[in-house]
Amino acid sequence: MANPSIRVTVIGTGYLGAVHAAVMADQGLTVLGVDLDQAKIDALAKGEAPFFEPGLNEVLERAVSSGRLTFTTNLQEAAEFGDIHFICVGTPQKAGSNAADLRHVNAAVDGLVPNLTQDSIIIGKSTVPAGTSKALEERIEEIRPRNIQVRLAWNPEFLREGHAVKDTQLPDRLVVGTDDDEVDARIREVYAKQIEAGVPYLRMDTATAELVKVAANSFLATKISFINAIAEVCEQAGADVTALANAIGYDERIGKSFLRAGVGFGGGCLPKDIRAFMARAGQLGVDDALVFLKEIDNINLRQRQRVARLAAEMLGGNVIGKPVAVLGAAFKPDSDDVRDSPALDVAATLHLQGAKVLVYDPYAMENAAAAYPPLNYVESAAEAVRDAELVLLLTEWEEFTALDPVALGELTPARRIIDGRNVLDPKKWREAGWTFRGLGRQ
Ligand code: UGA
């Protein structure tokens, strides 16, 4: 159990902050979660996650009922609560630009720092462009109470939605940017449990820590777009990208993960992070170094168009008025997040082309309907598929990968399917009478 006399705040309780706050409190720290959104705070205070994340409700409930996890919307209360403050607010893409919008980070610092009542450490976890810490340090210096010392470190987060609890309890590494030994020692106390469990603790300067995060996400995006580009070639060459990915993945230098070709990457991180990275490189005068990320982005967005084109092709060139089932709305399984979701994007494209699109997702329906109201949302896969001229599997929920092609085929005489995630066994589906198309395979 970590030391409960360590009192930390977590500012921003979205997909990152809510999990961080819950896990830190569950591991023994005394934690105050802070968010502007009253409804979110009310749910969290009752021990209920305001979004779907496997395992989070259990950890939240434990942490809240232990009395070590409380919530507020008041930054002044946060400033007085403890001396370690994590910044976990969102850094979305700026409207009309590729750059990251740092307004929530700046607002958190501006709201917190003038109210501090003791020497404090601010630990940034949000994904930010290189150089943000330096700029924030100057801002903090201007607004801090004159009798109080405020130090800043950067500690990027690598959790994956759908695995966020485990990734926070036992991350594959801790990256900490600070040149201050005392700050380093305090952060080691906060992460005592992880360090004890053998998680590598990597200390570096803040600029490197900031860059580690965007470099990691850019590498992951590059892997996915690489295999999607190869998938395009495979289709024309009569090859199978799933067999190819498996074969190249045996080489340890390449590895098998993140080589699943399909409708491509989405979510609140990879797409905006590669764009923000390019924008920052431009500001630093090294745009040429990251020009390749533009192509990574292009390949990724092209996958969505390719799926929509394939759908039209399978429907004889015209989708108008045709019932189409879309299985999946979340950007990935085990999440209800629909931010920049490839599934929803393809569903919306087909809807705009005139198809009658019926969407079903086990957990993301509410968010999908809020993000894209004109689609028809139905209550089950069977309801979406019944009498559909075409079925598209676009988020690989286990519920969909386990579908029985024979039983499903009885609902839809047309029996046409696009496996947009390359997770189904084409042989099984073809044997059950389906016209089956995957991406990058015959
Ligand atoms: C990503 C990173 O994986 C995390 O390490 C990072 O902390 C996080 O962003 C963040 O910056 O906060 P996440 O957005 O949760 O995590 O999702 P991923 O698991 O990376 O998947 C991203 C997208 O790539 C999904 O749409 C997924 O379907 C797609 N994907 C993934 C593929 O198309 N093919 C693959 O082989 C793997």
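Me: Which residues does Asp334 touch, not counting residues up to four places away in sequence?
Reply: Asp334 touches Phe52, Pro54, Gly162 and Trp397, where contact means heavy atoms within 4.5 Å. This is a predicted model, in which local features need pLDDT of at least 70, side-chain atom pairs count only at pLDDT 80 or more, and totals for chains, interfaces and linings use all residues. Residues are numbered from 1 along each chain as its sequence is written, and side-chain values use heavy atoms, with hydrogens and water left out.

Me: Why does Asp334 count as partly exposed?
Reply: Its relative accessibility is 34%. Buried means under 20% relative accessible area and exposed over 50%, with partly exposed in between (1.4 Å probe, protein chains only). Asp334 therefore counts as partly exposed.

Me: What makes strands E13 and E14 a pair?
Reply: Four bridges join E13 (residues 416-419) to E14, and the two run parallel. Strands (E, at least two residues) and helices (H or I, at least four) are DSSP runs, numbered from the N terminus. In E14, Gly438 is the bridge partner of Asp419.

Me: At what angle do helices H10 and H12 pack?
Reply: H10 (residues 206-237) and H12 (residues 270-283) pack at about 115°, with their axes 9 Å apart. Axes are lines fitted to C-alpha atoms, for helices over the stretch in contact, and angles run from 0 to 180 degrees between N-to-C directions.

Methods
Pairing = 2+ DSSP bridges.
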